[in-house]
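I opened the notebook to look up a few things in this structure. The overall fold comes before single residues.

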Amino acid sequence: MSKLPAFDPQQVPVFQVDTHLDAVPAQHLTPAALQARFANPPRWKPELVRERSFLDRSPAQAAVLLGVVMRDEPTVLLTQRPAHMSTHAGQIAFAGGKCDEGDADVTATALREAQEEVGLASRHVQVLGTLPEYVTGSAFHVTPVVALISSDMTLHLNTEEVSAAFEIPLAFLMNPAHHRWHRYTHEGVTREWLSMPYEDGEQLRFVWGATAGMLRNFYRFLRA
């Protein structure tokens with residue numbers, strides 16, 4: 001499949017909701033517990049590592065910041081991409097992007113992109129570690145960089161790259177009762193993906209695709 005046709009992911013049927021899996025306990029989602037987990041990581045295997053390709057292009061290395069904001073109830077910082085973007089337009093994503101030659105490593109990429117996209121200063125970020133690389137259908141090889149973000153941080157959005165920034169409770173995302181599996185078939189090729197839709201007041205935050213896949217791997221890491 002060289003190009004995925006336009007479709008509304010929210011209208012694609014759900015064939016499974018993972019209510020049979022246990023949520024990550026609240027005591028494992030505190031900043032101290034997350035620090036301890038990355039300091040002594042378990043032996044585990046990521047569940048989702050590669051999507052079906054839908055673009056014929058050369059692979060590109062990228063990194064995103066999976067940032068946990070240290071509030072009384074920890075949250076995850078997410079963004080929404082503008083409608084004019086060439087890839088993944090309008091989708092919910094982590095701050096992040098392609099690695100530049102000047103970046104020392106994937107952590108440097110994630111921190112730089114977070115600064116450029118949402119104005120997040122690195123002094124407010126404590127990097128814990130990384131999760132395994134996730135390959136998107138658009139040929140990005142993405143490394144999630146997991147970090148704690150101070151609740152004192154302030155954001156200044158680059159509206160060319162981000163249309164909105166918001167937070168979703170970490171406990172919600174780490175509860176598989178909110179993990180829904182979708183299946184879509186086009187020209188005989190079937191794709192499956194996760195969504196984690198969150199009601200944010202009157203706004204529906206439809207987390208799906210690669211972002212949901214990386215969050216699912218974070219769940220598996222914490223439950224291992």
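I began with the contacts in the chain between residues at least 6 apart in sequence: 71% of them join residues at least 24 apart. Contact here means heavy atoms within 4.5 Å. I noted that this is a predicted model, where local features need pLDDT of at least 70, side-chain atom pairs count only at pLDDT 80 or more, and totals for chains, interfaces and linings use all residues. Residues are numbered from 1 along each chain as its sequence is written, and side-chain values use heavy atoms, with hydrogens and water left out.

I then looked up the secondary structure. The chain has 4 helices and 12 strands. These are DSSP runs numbered from the N terminus (helices: H or I, at least four residues; strands: E, at least two).

Next came overall size. The radius of gyration is 17 Å, which agrees with the value near 17 Å for a compact globule of 224 residues. That radius is taken over C-alpha atoms, and the globule rule is 2.2 Å times the number of residues to the power 0.38. Along the principal axes, the C-alpha atoms fill a box of roughly 50 × 45 × 40 Å.

I checked burial. Of the 224 residues, 48% count as buried. Buried means under 20% relative accessible area, exposed over 50%, and partly exposed in between (1.4 Å probe, protein chains only).

Then I went to T75. It is found in strand β3, residues 75–80. T75 counts as buried because its relative accessibility is 8%. Which side chain does T75 join by a polar contact of 2.6 Å? It is that of E167. A polar contact is a pair of N or O atoms within 3.5 Å; within protein, one must be able to donate a hydrogen and the other to accept it, and residues adjacent in sequence count only if both atoms are side-chain atoms. Leaving out residues up to four places away in sequence, T75 touches G67, V68, V69, E167, I168, P169 and L170.

V12 was my next stop. It sits in the segment before β1 (14–17). With 8% relative accessibility, V12 counts as buried. V12 and R183 are 171 residues apart in sequence, yet 6.9 Å apart in space, C-alpha to C-alpha. Among the residues V12 touches, beyond four places in sequence, are F7, R183 and W193.

Last, I looked up T154. Is T154 buried or partly exposed? It counts as partly exposed, because its relative accessibility is 47%. T154 lies in the loop between β8 (140–149) and β9 (164–169).
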